[in-house]
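Hello,

Here is the structure we talked about. Please open it and keep it beside this note as you read.

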Amino acid sequence: IDYKTILTPDEFTIFSLLRELRKELSQQEGVPVFALFSNEQLAQMVQRRCASKADLLGIEGIGEAKVEKYSEKLLATLSKFASPPPSSELP
């Protein structure tokens, strides 16, 4: 799957940062990157704009153990690009 064609340019930037984070974590733990999260799971984190542990738990294949272990770093990366809520107030 070419995520560059599926994700918007902003989403792909975040997706790329998550992939870098996953690589760092996998090297620290001595496990393959796919053992942590799949590309599909990372793409869903971006598309769903995950902002909480509950959001991460809503993605298939991500359980409590991974959320407890990695959510802080994942959510910190995702929050860097959090878009502000749309303003419903008119001038």
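Where is the place of R49? R49 sits in the loop between α3 and α4. Keep in mind that this is a predicted model.

**R49 and its partner**

R49 has a phi near 55°, which is positive although the residue is not glycine. Most residues other than glycine have a negative phi. R49 is partly exposed, at 48% relative accessibility.

R49 also forms a salt bridge with E11, and the closest N and O atoms are 3.4 Å apart. E11 belongs to helix α2 (residues 9–29) and R49 to the loop between α3 (39–47) and α4 (53–57), so the bridge ties together parts 38 residues apart in sequence. E11 is buried, with a relative accessible area of 11%.

**The other salt bridges**

The whole structure holds three salt bridges. Side chains of opposite charge can pair when their charged atoms come close.

E29 and K69 make one of them, at 3.4 Å from N to O. This pair links distant parts of the chain, with E29 in helix α2 and K69 in helix α5 (residues 64–79), 40 residues apart. E29 is partly exposed, at 32% relative accessible area. K69 is exposed, at 54%.

E68 and K53 make another, at 3.6 Å from N to O. E68 is in helix α5 and K53 in helix α4, so this bridge ties together parts 15 residues apart in sequence. K53 is partly exposed, at 38% relative accessibility.

**S71**

Look next at S71 in helix α5. Is S71 buried or exposed? S71 counts as buried, because its relative accessibility is 4% and the cut-off for buried is under 20%. The S71 side chain reaches the backbone oxygen of V67 at 2.7 Å. Leaving aside residues up to four places away in sequence, S71 touches K53, L56, K66 and A76.

**The nonpolar core**

The largest nonpolar core has 23 residues. Which of them touch the most other members? They are F15, L18, F37, M45, L56, L74 and L78. Helices α2, α3 and α5 each supply at least two residues of this core. The largest share, six residues, comes from α2.

Not counting residues up to four places away in sequence, L18 touches L42, M45, V46, L74, T77 and L78.

**Aromatic rings**

How many aromatic pairs does a search of the whole structure find? There are three.

Y3 and F15 form a tilted pair, 4.9 Å centre to centre with 35° between the planes. Y3 lies in helix α1 (residues 3–6) and F15 in helix α2, so the pair ties together parts 12 residues apart in sequence. Y3 is buried at 9% relative accessibility. F15 is buried at 1%. Y3, F12 and F15 form one aromatic cluster.

F37 and Y70 have ring centres 5.6 Å apart and planes at 75°, so this pair is edge-to-face. F37 is in the loop between α2 and α3 and Y70 is in helix α5, 33 residues apart. F37 is buried at 1% relative accessibility, and Y70 is buried at 5%.

The ring of F37 has another neighbour. The charged end of K66 sits over this ring, 5.4 Å from its centre.

Best wishes

Definitions and conventions:
Residues numbered from 1 in each chain as written. Predicted model: local features only at pLDDT ≥ 70, side-chain atom pairs only at ≥ 80, totals over all residues. Heavy atoms only, no water. Salt bridge = Lys/Arg side-chain N within 4 Å of Asp/Glu carboxyl O. Helix = DSSP H or I, 4+ residues; strand = E, 2+ residues; numbered from the N terminus. Buried < 20%, exposed > 50% of the residue type's maximum accessible area, 1.4 Å probe, protein only. Polar contact = N/O pair within 3.5 Å; in protein donor to acceptor, adjacent residues only side chain to side chain. Contact = heavy atoms within 4.5 Å. Core = buried A, V, L, I, M, F, W, Y, C linked by side-chain atoms within 4.5 Å. Phe/Tyr/Trp six-rings, centres within 6.5 Å; stacked < 30°, edge-to-face > 60°. Lys NZ or Arg CZ within 6 Å of the ring centre and 35° of its normal.
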